[in-house]
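Please consult the sequence and the model shown here while reading.

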Amino acid sequence: MMEPNGGSSSVGAADGASDHAAGRNRHSKRPKYSRFTQQELPACKPILTPGWVISTFIFVGIIFIPIGLASLFASERVVEIVHRYDTDCVPASHRDNMLAYIQSSETNKTCTRTFFVSKQMKSPVYIYYQLDNFYQNHRRYVKSRSDKQLRRRASENDTSNCDPEDVTANNSAIVPCGLIAWSLFNDTYGFSVNNTKLGVSKKNIAWKSDQEHKFGPDVYPKNFQRGSLIGGAKLDSSIPLNQQVDLIVWMRTAALPTFRKLYGKIEADLEANTELTVVIENNYNTYSFKGKKKLVLSTTSWIGGKNDFLGIAYITVGGLSLFLAISFILIYIIKPSQWIELASRGSVLLVLEQEPCWTF
């Protein structure tokens, strides 16, 4: 009589344990086993043998050095004239207080400079103005604009981010608002050769995407530069913002304190050994923050403007790669034991857990 009861108790205990284990498994957060999650998939990992390492460095050197030489050659073919005029265009009698000179409305700001063109400059000759020590990347300056206002006339009252150049004294919206537009560059340049005036083209100096998507064709300047403090150039209120190319170029802020912006193009060749006369209206105030102004005339090549850095960087990387390749060859041939020591430290040879799928 006792045995059946005892058997029943054992079976009940077993069933309870299994139910408890099943409930614990149902609430477990352990992920389902797979070869992917456990990183057990087949892998193909190469061993970087001496031949592979040396060949890679030689390949990089052979590719990079010709590219660097071609870039340097193209950069040397670019003809560039750079002239700083912020000091020379201030009369000697005002150089002790240049800030008062530039802020006065009674002083003559016209300045004539003569450049000597030493090499032929084929059209188009690009005209840039360069500013030094001007921090367009300052956080408050960059945020002081309204992209909605620039795109749509219906949003002309959206000036929440434009303080302090957001509204006029009678609470009317300024279009375009913000410090970036307010500080628009306003020096002007006129060019002539042998008393023959050269035209300055503004065609295609602004990005097409900016004109089509960032500045609206139905947005016109309103209440711009009408305050007591004038920051820069004024805008024609009869021309929509998407046609105000000088403004569009200026509104694309620079990342560094020294930058160039495109002013226009001379669509005529400038022959060698000629004198180029430039009439400058020196209006823009860089004297209050010890900035510099420069006029730049430049041609272009397939890599753009004059820039030796790119070519030097390619040559440096290619030369260093060839130097390392030669060094590894000498170490491998002359002192193979030293190569093994380097390999054991993990500098060159990678010994992996898996079998190599290929070697060189």
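The model is predicted. A search of the whole structure finds 1 cavity of 30 Å³ or more, and an open sheet of 4 strands is present.

**Helix pair**
- Helix H2 spans residues 50-77 and helix H9 spans residues 308-334; their axes come within 7 Å and cross at roughly 155°.
- Because angles over 145 degrees count as roughly antiparallel, H2 is roughly antiparallel to H9.
- The crossing of H2 and H9 is left-handed.
- The contact of H2 with H9 comprises 22 nonpolar, 8 polar and 2 charged residues.

**Sheet**
- The strands of the open sheet are arranged in the order E1-E8-E3-E6, and the pairing is antiparallel.
- Strand E1 (80-84) and strand E6 (259-266) form the edges, each pairing on one side only.
- On average, neighbouring strands of this sheet are turned by 20° against each other, direction ignored.
- Strand E3 (residues 125-132) pairs with E6 in the antiparallel sense over 7 bridges.
- Tyr126 stands opposite Lys265 in E6.

**Cavity**
- The volume of the largest cavity is about 40 Å³.
- Its lining is made up of Glu165, Ile174, Pro176, Cys177, Gly178, Ala181, Trp182, Phe224 and Gln225.
- By class, the lining of the largest cavity divides into 6 nonpolar, 2 polar and 1 charged residues.

Technical notes: Residues numbered from 1 in each chain as written. Predicted model: local features only at pLDDT ≥ 70, side-chain atom pairs only at ≥ 80, totals over all residues. Heavy atoms only, no water. 1 Å grid on protein atoms, 1.4 Å probe; cavity = no way out; pocket = protein on both sides within 12 Å on 5 of 7 lines; lining within 4 Å. Points joined across faces, edges and corners; volume = space filled by probe spheres on them. Nonpolar A, V, L, I, M, F, W, Y, C, P; charged D, E, K, R; others polar. Axes fitted to C-alpha atoms, helices over the stretch in contact; angles between N-to-C directions. Helix = DSSP H or I, 4+ residues; strand = E, 2+ residues; numbered from the N terminus. Parallel < 35°, antiparallel > 145°, perpendicular 65-115°, else oblique. Left-handed = near helix turned anticlockwise from the far one by under 90°. Pairing = 2+ DSSP bridges.
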